[in-house]
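Welcome, and please open your viewer. We will go from stop to stop, and at each one you will get something to select and a short note on what is there.

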Amino acid sequence: MRKTDKTRRAAAILERLKARYPVPETMLTHENPWELMIATVLAAQCTDARVNTITPELFRRWPGPAEMMQATQEEIESVIRPTGFYHNKAKNILGAARRVTEAFGGEVPRTLAELITIPGVARKTANVVLWGAFGINEGLAVDTHVKRLSFRLGLTKNTDPVKIEQDLMKIFPREEWGDVNHRLVWFGRDVCDARKPDCGQCELAELCPRCGVTG
């Protein structure tokens, strides 16, 4: 498929996703950039709904990075255990608190280059924070839903998230990148399930080559 054809398909997909989700936003409950960043770290291999049951107590006990860095790893683990992989997550959260406090004066930075120096924050999390907290489209966050849907929809042949991001950034307008992520995530949860995609009820069906879909 030529790039122009893929761009046209992407535009048509985006138009239909906009109609379904006119006001996309993250499902992670947060009050500020720090809370969004930590909630996104916790959401790895965990549902947003479960993270939202954990973060109120986490931020009640340690509201910001300065307070969080005073906690022990074991104390953090005791709160975030239900999110899974809690040892590594607690270690990263503690490291993030120290980094943000000591290197950035307690404020979550607003650049991708700075964000990815924070423990637990790679490109995906950085992109989520930049868009969700600051309205900055530096890249396009690729999680499991975005990875699955972009492949099924024939928008990429890559499996590496960084390469998928590069492919999607070429065919979607920059001002849409953050919302493309949210809309694909929502659609992946509501319709294009990993195991049983509801192709019969999918408004993208006529645009979708169903790459990798069997049955």
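Is Arg123 buried, partly exposed or exposed? Select Arg123 to start: its relative accessible area is 30%, so Arg123 is partly exposed (buried means under 20% relative accessible area, exposed over 50%, partly exposed in between, with a 1.4 Å probe and protein chains only).

Before moving on, a word about what you are viewing. This is a predicted model, in which local features need pLDDT of at least 70 and side-chain atom pairs count only at pLDDT 80 or more, while totals for chains, interfaces and linings use all residues. Residues are numbered from 1 along each chain as its sequence is written, and side-chain values use heavy atoms, with hydrogens and water left out.

**Stop one: the partner of Arg123**

Arg123 and Glu165 form a salt bridge, with the closest N and O atoms 2.8 Å apart (a salt bridge is a side-chain nitrogen of Lys or Arg within 4 Å of a carboxyl oxygen of Asp or Glu). Arg123 lies in helix H8 and Glu165 in helix H10 (residues 161–171), so the pair ties together parts that are 42 residues apart in sequence. Helices here are DSSP runs (H or I, at least four residues), numbered from the N terminus. Glu165 is buried, at a relative accessible area of 3%.

The whole structure holds nine salt bridges. Select Glu203 and Arg20 next: in this salt bridge the closest N and O atoms are 3.0 Å apart. Glu203 sits in the segment after helix H11 (177–190) and Arg20 in helix H1 (residues 3–20), so this pair joins parts that are 183 residues apart in sequence. Glu203 is partly exposed at 26%, and Arg20 is partly exposed at 33%.

Then pick Arg174 and Glu138, whose side chains meet in a salt bridge (3.5 Å, N to O). Arg174 is in the loop between H10 and H11, and Glu138 is in the loop between H8 and helix H9 (144–152). For a network of salt bridges, select Lys18, Glu176 and Arg183 together.

**Stop three: helix H2**

Finally, select residues 33–42. This is helix H2, and nine of its 10 residues are buried, among them Trp34, Met37 and Leu42. What covers these buried residues? Show helix H3 (48–61), helix H5 (73–80) and helix H6 (86–104), which are included in the cover. At the start of H2, a side-chain oxygen of Asn32 comes to within 3.2 Å of the backbone nitrogen of Trp34.

Note on methods:
Helix = DSSP H or I, 4+ residues; strand = E, 2+ residues; numbered from the N terminus. Contact = heavy atoms within 4.5 Å. Polar contact = N/O pair within 3.5 Å; in protein donor to acceptor, adjacent residues only side chain to side chain.
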